[in-house]
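Dear colleague,

I am passing on a structure for you to look through. Please open it first, and then read the notes below beside it.

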Amino acid sequence: IGRVARDLGQLQYAKEMFEKAHRICVRVYGENNHRVASCYSDMGRVARDQGQLMDAKELFEKALAVGLKVYGENDPNVADTYRNIGRVARGLGQLEYAKETLLKALTIEIDLHGENNQNVSATYTDIGRLGIRQGNLEYAKEMFEKARLIIVEVNGEDSRKAATCYNDIGRVARDLGQLQYAKEMFEKAHRICVRVYGENNHRVASCYSDMGRVARDQGQLMDAKELFEKALAVGLKVYGENDPNVADTYRNIGRVARGLGQLEYAKETLLKALTIEIDLHGENNQNVSATYTDIGRLGIRQGNLEYAKEMFEKARLIIVEVNGEDSRKAATCYNDIGRVARD
């Protein structure tokens, strides 16, 4: 019941079921039993899904302690638990501990299954995402590429897992400035997602947005605008108007339209983004401050310096509240205000 309830998103009920199972298993079998380790892992997954990462880590560590006694180090259950600990530790910002546990999982999995195994590819992916958190993009890309080779071999070139991996590689490649390669990866992901999920799916909207960002970075603003507009069309069908993904897409369209000199269209889309963001998050939110900044820069392009200064001042109040008076974002904002004030 607990596992089905978790898959249904009924997390509190799943937690209650797993806790009942755990109490019985400890009473009947004692603490050092594989059923107890399984209970700890199940409770840990629910805690993770509920966003209670410290609780999840503690439960996975209990599962590991029992698992090592019952199975020994070189066991798939132990590898799975190391991977779970690594994912949670990454979420908690405990990056060295995350790396240590993920590498232990990887060592066990390769020893048990060899390289061409889906658990191995999953752990390479986890290590790659950790690399991003650590700011080591080349290492992250290397890990994602290793995952890709396995996924293509095991699941196929056009599988769902391949699409996810292409997206991971594309995002890192874009951040590394490898724009043509990023474009190729995103286009592969897009083709798979359309074939597997159909056009009106959130993954397809995400692909359009990723391709749009690359086109924008390449200076191909008309292509970027078209791709962001496709993302918006799908996003409105999938999410509805009042959604953070839709707001982000409106903002992307506004930025590109500003670059193209389509200033009224830019203003229209940026104001739509702002309305959604304030409705979702209230005023004191970094996305709101970013959109005020974008509208301010648009005001400069329109020659409306008083309006631009008003927008930058609104952004400043939020940035000081959210990021602090002496933050990098505050410095950028002070520069924006200073330049307009000078003019």
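**Surface and overall build**

The protein has an accessible surface of about 16,600 Å², and 47% of this belongs to carbon and sulfur atoms; such areas come from the Shrake-Rupley method with a 1.4 Å probe, and for residues only the protein chains shown count as cover. Please keep in mind that this is a predicted model, in which local features need pLDDT of at least 70 and side-chain atom pairs count only at pLDDT 80 or more, while totals for chains, interfaces and linings use all residues. Residues are numbered from 1 along each chain as its sequence is written, and side-chain values use heavy atoms, with hydrogens and water left out.

The protein has 17 helices and zero strands, these being DSSP runs numbered from the N terminus (helices H or I, at least four residues; strands E, at least two). Its C-alpha trace spans about 75 × 40 × 35 Å along the principal axes.

**Inside the protein**

Of the 343 residues, 45% count as buried, that is, under 20% relative accessible area with a 1.4 Å probe, protein chains only.

Methods:
Buried means under 20% relative accessible area, exposed over 50%, partly exposed in between (1.4 Å probe, protein chains only).
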